[in-house]
Amino acid sequence: MNVCVLGAGTMGHGIAQVSAMAGHEVRLRDVEEDLVEDGLAGIRENLDGGVERGKVTEAEREATLSRIAGTTDLERAAADADLVVEAVPEDAELKRRVLSEVAAVAPADAVLASNTSSLSVTGIASALDDPARFVGLHFFNPVHIMGLVEVVVAEQTSAETEAFAESFVEDVGKTAVVVQDSPGFASSRLGVSLGVEAMRMVQEGVADPRDVDAAMELGYNHPMGPIELGDVVGLDVRLDILEHLREELGERFRPPQNLRRKVRAGKLGKKTGEGFYVWEDGEIVGVSGEVEAEGEERQEESHD
């Protein structure tokens, strides 16, 4: 199968990687050459890590890389695709525009999919002349590790497209859960509900982020606490999802002020080095406010 992935960021290059590891030929497309190169470098880094941990052989790494070609040319990327997966930023108008453009150059029988985590798949499909071939494929980060994919069925999705999507998910070694198009689907709605309540608890002084996370990790066997997960996903992404769910489902999804303040300050989590936690080399080194306070104390001591 030929797979075209639009967007070479974290999700896009992850989808490209697992597709190539499953034996598919992949074209990874982004709008700038630097973005494409960064995506390809991210795939190599993931595979190198797999080799170091004994999860991937050197031969598997080289075979995977040989199946992936990067490009900025949309027509070249999609010309012979059996499946196109859009993984551009979470902006409904942008997604509709990109999918409309790719529909004009991809084969008429290619399945088109969006990796959106919360936007209306039915609404995105409305940009297409043939929305029956459109479906949501919501992968999780990091794609090469997480085992779940939500197959999101739009109002217009045909039974054949749904079956194709489920088969593809199984083929790349993931487990599919089928959900009807609804705000937040299943995973984002549940995950964000837990995350926003955790942020409110921190804001109200119920507990600090480490203790909130420990409660869920040790008490409920979650692999990662909700505050840390928000930092990993990106606090800007969390805020966008909450705003969308608030608009669709009501005030219970109202974003807390501590989240809004961090996003306004550019403290978006792991990717910027600070969110609710402070991050260095991909690891947590402290809680945001505490690290700032410690720094101020050290400065005061140096002046004494």
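UniProt, in an unreviewed entry, places the feature "domain: 3-hydroxyacyl-CoA dehydrogenase C-terminal" at residues 184-279; UniProt positions are given in the numbering used here, feature names are shortened, and annotations may be inferred rather than shown by experiment. The model is predicted, so local features need pLDDT of at least 70 and side-chain atom pairs count only at pLDDT 80 or more, while totals for chains, interfaces and linings use all residues. Residues are numbered from 1 along each chain as its sequence is written, and side-chain values use heavy atoms, with hydrogens and water left out.

Over residues 184-279 the chain is 61% helix and 3% strand, and the end C-alpha atoms lie 28 Å apart. Helices (H or I, at least four residues) and strands (E, at least two) are DSSP runs, numbered from the N terminus.

Helix α8 has 17 residues, which should span 24 Å at 1.5 Å a residue; its end C-alpha atoms are 24 Å apart, which agrees. The expected span is 1.5 Å times one less than the number of residues. Buried in α8 are Ser188, Val192, Gly195, Val196, Ala198, Met199, Arg200 and Val202. Buried means under 20% relative accessible area, exposed over 50%, and partly exposed in between, with a 1.4 Å probe and protein chains only. These buried residues pack against β6 (134-139), α9 (209-219), α10, α11 and α12, where contact means heavy atoms within 4.5 Å. Just after α8, Gly205 takes a positive phi of about 80°.

Helix α11 (residues 235-249) has 15 residues and should span 21 Å at 1.5 Å a residue; the end C-alpha atoms are 20 Å apart, which agrees. Its buried residues are Leu235, Arg238, Leu239, Ile241, Leu242, His244 and Leu245, and they pack against α8 (187-203), α10 (226-233) and α12 (257-264).

In α12, the buried residues are Asn258, Leu259, Arg260 and Lys262. The charged end of Lys262 sits over the ring of Phe276, 5.2 Å from its centre; the criterion is NZ of Lys or CZ of Arg within 6 Å of the ring centre and within 35 degrees of the ring normal. Both Lys262 and Phe276 are touched by Ser288, as are Lys267, Glu274, Gly275, Tyr277 and Val278, not counting residues up to four places away in sequence. Ser288 belongs to helix α13 (residues 288-303) and is buried, with a relative accessible area of 3%.

Most residues other than glycine have a negative phi, and most peptide bonds are trans. Phe185, in the loop between β8 (175-180) and α8, has a positive phi near 55° and is buried at 5% relative accessible area. Asn221, in the loop between α9 and α10, has a positive phi of about 65° but is exposed, at 68%. The peptide bond from Asn141 to Pro142 is cis, with omega near 0°, and Pro142 is in the loop between β6 and β7 (148-153).

The largest nonpolar core has 30 residues, and those with the most contacts inside it are Leu137 and Phe139. Such a core is a set of buried Ala, Val, Leu, Ile, Met, Phe, Trp, Tyr and Cys residues joined through side-chain atoms within 4.5 Å. Helix α1 (residues 10-21) gives the most to this core, with five residues. Apart from it lies another core, of 24 residues, among them Leu74, Val84, Val179 and Phe185. Asn115, in the loop between β5 (111-114) and α6 (121-125), is buried at 7% relative accessible area; its contacts beyond four places in sequence include Met11, Leu137 and Phe139.

UniProt also places the feature "binding site", again in an unreviewed entry, at Gly7, Ala8, Gly9, Thr10, Met11, Gly12, Asp30, Glu90, Lys95, Ser117, Asn141 and Lys271. These positions span 265 residues in sequence, and the farthest two C-alpha atoms are 22.8 Å apart, so they do not all gather at one spot. Glu90 lies in the loop between β4 (83-86) and α5 (92-103) and is partly exposed, at 30% relative accessibility. Beyond four places in sequence, Glu90 touches Lys95, Thr116, Ser117, Ser118 and Leu119.
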